[in-house]
Amino acid sequence: MSQETQTTTDASDGRSQQWEEILQGFGQVFQNPLARIGGVILVVFILMALFGPLVAPHDPQEHQLNPDGSWYKNQGPTLEYLLGTNTEGQAIFSRLLYGARIAFIAGTATAFIVGVLGTIAGITAGYYGGSIENAIMRLVDLAYGVPFLPFAIVLIIVLDPSIWNIIIAISALLWRETARVVRSEVITIKDLEMIDAARAAGASNNRILLHHVLPKVLPTTVLYSVFAIGWAILTEAGLSFLGLGDPNSISWGIILQNAYVSQALTRGMWWWIVPPGLCIMGLVASVYLISQGVEEVVNPKLRER
Amino acid sequence: MSFRRFVLRRAISTVLIYVVIATIVFFLFRQVGDPRALFMNPSMTPEQFAQIEEQFGLNDPLYVQYYKYLINLFTFEFGLSFYYREAAGPLLIERLQNSLLLTVPAIVLSYVFGTLGGVLLAWKRGESIERAGLVMALTFRSAPRFWVGLLLLFFLAGVYQLFPAGGMLDPGSTFESHYALLTNPDFFHHAILPVVSMSLYLMGLPMMLMRTSMLEVIGEDFVDICRAKGMRERDVMYKHVARNAILPVVTAFAVAIAFSFGGNVLVETVFSYPGVGRLMVNSVFRGDFPVAQFAFLLMAGMVLIMNFVADILYGYLDPRVTYD
């Protein structure tokens, strides 16, 4: 009896140690200088998404007026209107501040869905093998056979444009990558002695999956979820640019679509075209820079010697 | 399993996956509304009505419609475009060729330069040149392709007037064949900006892949032996390490041709280029469902074929791969 108690404490110790290693791993991410730079840029955008709408100097939808009551439109940057106004007389700087939220919603929600779906599919396929694995991997093959953006376009036409439908459309295909990589990792993990030991000690499949397999694949899940953030933000911008964005919201892609449709190019309105793209690029780049650090944790061969 | 059986099995599963995708599209598009609206519109003549009804079995039960749809798909009978009032098949094939004329050069350029750059990054590991290259690659991958296109249009076509503002040829000019296009300087003048905006983005992936793969090979023993022989570091990197590291890039290349069709929808839109992606988007908005539907299926077919080629190529190039 006493021996049995002994075993359980050992197991729980080993578990907490494993989770501690993971936490350390996330600390290691920011030992990479590029990841640190990415982290700083990301914090700036997070602040923008959280507080942007509070500090925005103008209502993003309101038509700004001249003293005589006509629209204050197509104006270049001034001190009051930092990034000028568009053809509707709306303040572009304020619209830009509001746009950050959509980018974060699209990025984080997609990363979460893709991480959860992909990891569950990958672990199940890799651990159980056989016909379950076969079925899941054929689904992955199917998802790989579908052209990404065209599929998202078709799905949104069927489901109606809204930010959540955009997230669904992106996630519907993006889980394939996480699933494939997690599966191949689980196949090697499955053969480790610790798994045999756990099974010999009477651990159930669920327990093994949750306490031994999951902690080992978690860094990979995180890496591919980080990639998914970047993909989702770029895809949301692209879909919005094509006119498939949520018509009731403001996103950077929608600002660019308005600019393109309103001939901002021929009117020479650079203040309408350059800033939204810079925001998209900055946010996605910050995420990719952090992914550099994550990659070194996942794949130690990449670390500098 | 022998290589031949592996190829055969992959071929069969590719066709099966295509049928599944076609099935999903069949039912997805029927969510939009009446199937009649998918293939006919009021401006068609009664003869055309009758012909379309017959060809797609629109008066028949759903399973017959589905069966005829699959037959039509594999025989390239795509029905009539509402908008262009012509057969959708030849139209789509022509646009697909237009797209390839942009996509293939963009991918070749980006993979050549990306791979060479990736070798350099791994070679200069830890030096400032690596950091700079990494940041550059990541920045290009983070910039939306359509926005890069907008910037190029704004500055090079708008402000400096060096390039035309879009399209494939000057307004009013026509071309005999796609081969004739390749000898037409006007076409190149129109193609440069879209190709550049695609390449800058596409270059990032082979660069990062090559770098990662190189870093994994660089620690192996044979590299030390090369150095011990007194070989120049440049030769060690470009001749020995690169050759052992290039496999992931080769497979990514095959897949990239198919995958970039999706993203190039955006670039084609920005530059008003008559490619298959832009045709699909426009058709979706015009309610031109025969064209939208089959444009999607054509792109899906490209993706599947290239996935298949990549798998075979991988097995062929890497003798360590076992087929199971």
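pLDDT is the predictor's confidence in each residue, on a scale from 0 to 100. The model is predicted: local features need pLDDT of at least 70, side-chain atom pairs count only at pLDDT 80 or more, and totals for chains, interfaces and linings use all residues. Residues are numbered from 1 along each chain as its sequence is written, and chains are lettered from A, ligands numbered from 1, in the order in which they are written.

**Exercise 1.** State the confidence of chain A, and find which of its elements score lowest and highest.

Solution. Chain A has a mean pLDDT of 83, with 93% of its residues at 70 or more. Helices (DSSP runs of H or I, at least four residues) and strands (E, at least two) are numbered from the N terminus. Where pLDDT is low, the predicted coordinates should not be read in detail.

**Exercise 2.** Describe the make-up and extent of chain A.

Solution. Chain A has 11 helices and zero strands. Its C-alpha trace spans about 90 × 40 × 40 Å along the principal axes.

**Exercise 3.** Characterise the packing of H2(A) against H11(A).

Solution. Start with the axes, which are lines fitted to C-alpha atoms over the stretch in contact, with angles from 0 to 180 degrees between N-to-C directions. The axes of H2(A) (residues 33–55) and H11(A) (residues 270–298) come within 7 Å and cross at roughly 145°. Next, list the residues: on H2(A) they include Leu34(A), Ile41(A) and Phe45(A), and the partners on H11(A) include Gly282(A), Leu289(A) and Gly293(A). Finally, sort them by class: 10 are nonpolar, six polar and no residue is charged. Here Ala, Val, Leu, Ile, Met, Phe, Trp, Tyr, Cys and Pro count as nonpolar, Asp, Glu, Lys and Arg as charged, and the others, Gly among them, as polar.

**Exercise 4.** Check the length of H4(B) against its number of residues.

Solution. The expected span is 1.5 Å times one less than the number of residues. Helix H4 of chain B (residues 62–74) has 13 residues and so should span 18 Å; the end C-alpha atoms are 19 Å apart, which agrees. After H4(B) comes Phe76(B), with a positive phi near 60°.

**Exercise 5.** Describe the contact between chains A and B.

Solution. The predictor assigns the complex an ipTM of 0.84 and a pTM of 0.86. Chain B contributes 41 residues to the contact and chain A 37 residues. On the chain B side, 26 residues are nonpolar, 12 polar and three charged.

Terms used
Contact = placed C-beta atoms within 7 Å.
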